[in-house]
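Visitor: I would like to learn how to read the features of a protein structure, one at a time. Could you take me through an example?

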Amino acid sequence: MINDLGIYSNNSKDNLLLNGNESPKNINKDKYFKILENLKEVDLNRYPDTDGDNLREAYSSYVGVSSDNIIIGNGSDEVINLVISKNIKSGDKLLTVTPDFVMYDFYTALNEGNVIKYNLDVDNSFNLEEFIELGKKEDVKIVMFSNPNNPTGFAYSTENIIQILEAFKDKIVLVDEAYFEFNGESVVSLIDKYPNLIVTRTLSKAWGLAALRVGFLISNKDNINELLKYKTPYNVNTISQEIASIYLTEEVDSLKENLKLIINERERLYIELKKAEEKSLDSKKGNIKFYKSKANFIFGRADNKEELINAFREEKIIIRSFEDNSFRITVGLPEENNKVVEIINDFIFCRSL
Ligand code: PMP
């Protein structure tokens, strides 16, 4: 079942899910058993550590800031909501781009705010001046965008983000770095230089721990202290805190290995999809177009998108479909990506599998 936010409720293992930008690999089985062994010590009768001291400490070493600069969240979704609900009151405006992560709209609407969307023209380059001008004209309270962008895979340069921080000095600028590891560029080191900067991160993507629902907010200490007044107590459960802390401390090497695999596969998949794009120029099914990505997914547009989505469904593969002619495919394991290329080529040449 797919809800209004386009989120697929997966209650069957029969489908290959290439719609949620998750990691294609589960954690190593030996590691898993070792972790379960540690969990025997957990006091299930007690509430979790509300501040998540061990978890923040573990993330602080990975991210390179003090643990006092970090708030833990039940997924980065929760800390994004924390920033929006603290700052957006009825009629307040949030500037983002379109397309971007659907939850910015969702949380802003819950707080009766308005989302102002700058059209991210992925066919050309991002027009920074126009983006800033729109935010100024609309007198927005928050500027928020994902980098790399979900769903297009476009990445803003650090210079552009600095110009945004400078232009909106008295507003909050939230840079959502959910997919940062696949791109490698972060603005976390700027949190003390720019008091208006908030960065959010997650363990759901490159770290492959989506089931835990662990995310982080990183900012200067004044912002952290202010936001903590609004944080829900005990928001990250003990089991997730324990597993995430062990993983962050002991599994940086496996993270790097997985990243290498996914980035290589992303580049290989992109090349294959671009070949398919060229062939689609002569196809009765209409044109298909793919975009270069700095994340773990590839964005595309198709004249006959619904038919393409169904071609995937027939092969029990779920990809993300948007309201217009666009779609997004998560980079999977090599054999999964081969299947994606095969389905698209068969679709273009009207072959049935
Ligand atoms: N930001 C972006 C851009 C995302 O794509 C997602 C998940 N799809 C999130 C934040 C939320 O991730 P999580 O709540 O799992 O940390």
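Predicted model: local features only at pLDDT ≥ 70, side-chain atom pairs only at ≥ 80, totals over all residues.

Visitor: Where is N337 found, and is N337 buried or exposed?

Guide: N337 is found in helix α11, which covers residues 334-348. With a relative accessible area of 1%, N337 is buried, because buried is the word for a value under 20%.

Visitor: How should I read a salt bridge, and how many salt bridges are there?

Guide: The general idea is that side chains of opposite charge can pair when their charged atoms come close. In this model the count comes to 22 salt bridges. One of them is formed by E250 and K31, whose closest N and O atoms are 2.3 Å apart. This pair links distant parts of the chain, since E250 belongs to helix α8 (residues 238-250) and K31 to helix α1 (residues 29-39), and the two are 219 residues apart.

Visitor: Are E250 and K31 buried or partly exposed?

Guide: The two partners have to be read one by one: E250 is partly exposed, with a relative accessible area of 41%, whereas K31 counts as buried at 9% relative accessibility.

Visitor: What separates D53 and R56 in helix α2?

Guide: D53 and R56 are three residues apart in helix α2 (residues 53-63), and so about one helical turn lies between them. These residues form a salt bridge too, with 2.7 Å between the closest N and O atoms. D53 is partly exposed, its relative accessible area being 38%, while R56 is buried, with a value of 13%.

Visitor: Which side chain meets K169 in a salt bridge?

Guide: The partner of K169 is E166, and the distance from N to O is 2.7 Å. Here K169 is exposed, with a relative accessible area of 53%, and E166 counts as partly exposed at 38% relative accessibility. Salt bridges can also share partners, and in this way K31, K34, E250 and E251 are joined into one network.

Visitor: Let us turn to the rings. How many aromatic pairs does the structure hold, and what describes a pair of aromatic rings?

Guide: A pair of aromatic rings is described by the distance of the centres and the angle of the planes. The structure holds 19 aromatic pairs. One of these is formed by F290 and F327, with 5.9 Å from centre to centre and 85 degrees between the planes, which makes the pair edge-to-face. F290 lies in strand β9 (residues 288-290) and F327 in strand β12 (residues 326-330), so the pair ties together parts that are 37 residues apart in sequence. F290 is buried, and F327 is buried as well.

Visitor: Which residues form one aromatic cluster?

Guide: The cluster is made up of Y118, F126, F131, F145, F154 and Y156.

Visitor: Which charged residues lie over the rings of F168 and F297?

Guide: For F168 the residue is K136, which lies over the face of the ring at 5.2 Å from the ring centre. For F297 it is R328, whose charged end sits over the ring, 5.6 Å from its centre.

Visitor: Which residues have a positive phi although they are not glycines?

Guide: Among them is N21, which has a positive phi of about 55 degrees. N21 is found in the loop between β1 (16-18) and α1, and at 1% relative accessibility N21 counts as buried. Y234, which is not a glycine either, has a positive phi of about 50 degrees. The place of Y234 is in the loop between α7 (221-228) and α8, and Y234 counts as partly exposed, at 39% relative accessibility.

How values were computed:
Residues numbered from 1 in each chain as written. Heavy atoms only, no water. Helix = DSSP H or I, 4+ residues; strand = E, 2+ residues; numbered from the N terminus. Buried < 20%, exposed > 50% of the residue type's maximum accessible area, 1.4 Å probe, protein only. Salt bridge = Lys/Arg side-chain N within 4 Å of Asp/Glu carboxyl O. Phe/Tyr/Trp six-rings, centres within 6.5 Å; stacked < 30°, edge-to-face > 60°. Lys NZ or Arg CZ within 6 Å of the ring centre and 35° of its normal.
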